[in-house]
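I opened my notebook for a first look at this structure. Here is what I looked up, entry by entry.

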Amino acid sequence: MLATFLLATASFVAAAPYATESNPATLLLDASRAGDGIMEVRERIPATAGSFTVVYPKWIPGEHSPSGPLNDLAALRISANGSALDWRRDSVDLYAFHVNVPSGTSALDVAFDVLMNAPDDMMSSHSVAIVNWNRALLYQEGIDSHHYFVKPSLVLPPGWEYASALRGGIRSGERIDFATTALNMLVDSPLDMGRYVRKWDLWREGAAFVALDAFADHPQDLDIPANLLHAYERMPAEAFAMYGSRHFEDYHALLTLSDALGFQGIEHQIGRASCRER
């Protein structure tokens, strides 16, 4: 039994990723209608001719379960070189979608809508929205997420701001273009955005810092009392004293102040960090 298990374990080899650091998948998340509970995804996924499978994230870090909200994916379209392609959902793994890629094709164009507000899973209000990137992408089946690369971009609703630990963040109008990042880091980098926002530095040392980025349904909700803010400001030094080190270069505590949104919490990242609270 042990020998069989070891053989089965050793036989698994990750697929060669077509989305490399020099040729990443591109992801444009149009969140301009996030206040109405919908976002639009446009992806270009490097691929090769023949049978090809893309998957929706199923096992979610921070939730430690196969909880990817597949029901929130709507109106999936797949095309190549401007022509629509037929796709087929796997009959066993509903998170997988099969497509035949025409010869001479090096990438698939994928589009779908993200439905943000299930009755028991509210992700946006008229003034605040939460982006968990795993809800807004498909990717090549069978790859190691540490070696599959994505260049993400985001379009904000007019007048909104955002916060995230994602690198890059070059803004032009309402569009932000982030740096190319490994898939595992992207999924581990939550982003909050909203109409009413305040940001505080809780600690800074050279280029390293800890920030509190708060988003609210109403501007008066951002009037945090000085004594409470001072308590937050003490937390970095207390954490460093307790653990004796830090694992991040910069840390964004993302705080949403909304009665409409449900509980959200995720805290991961090596090198940079985003943490969400409610």
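This is a predicted model: local features need pLDDT of at least 70, side-chain atom pairs count only at pLDDT 80 or more; totals for chains, interfaces and linings use all residues.

**Surface.** I looked up the accessible surface of the protein chain and found about 13800 Å². Carbon and sulfur atoms hold 55% of that surface.

**Elements.** I then turned to the secondary structure, where the protein chain has 23 strands and three helices.

**Extent.** I checked the C-alpha trace along its principal axes, and it spans about 60 × 50 × 35 Å.

**Inside.** Of the 278 residues in the protein chain, 49% are buried. I also looked at contacts with a separation of 6 or more, and 68% of them join residues 24 or more positions apart.

**Charges.** I found 34 negative and 21 positive side chains in the protein chain. The centres of the two sets lie 3 Å apart.

**One residue.** Finally I picked Ser-127 and asked where its place is. Ser-127 sits in the loop between strand S10 (121-122) and strand S11 (128-131). Is Ser-127 buried or exposed? Its relative accessible area is 9%, and buried means under 20%, so Ser-127 is buried. Leaving aside neighbours within four places in sequence, I listed the contacts of Ser-127: Trp-160, Met-193, Gly-194, Arg-195, Tyr-196, Ala-216 and Asp-217.

Notes. Residues are numbered from 1 along each chain as its sequence is written. Side-chain values use heavy atoms; hydrogens and water are left out. Helices (H or I, at least four residues) and strands (E, at least two) are DSSP runs, numbered from the N terminus. Buried means under 20% relative accessible area, exposed over 50%, partly exposed in between (1.4 Å probe, protein chains only). Contact means heavy atoms within 4.5 Å. Accessible areas come from the Shrake-Rupley method with a 1.4 Å probe; for residues, only the protein chains shown count as cover. Lys and Arg count as positive and Asp and Glu as negative; His and the chain ends are not counted. The place of a charge is taken as NZ of Lys, CZ of Arg, CG of Asp or CD of Glu.
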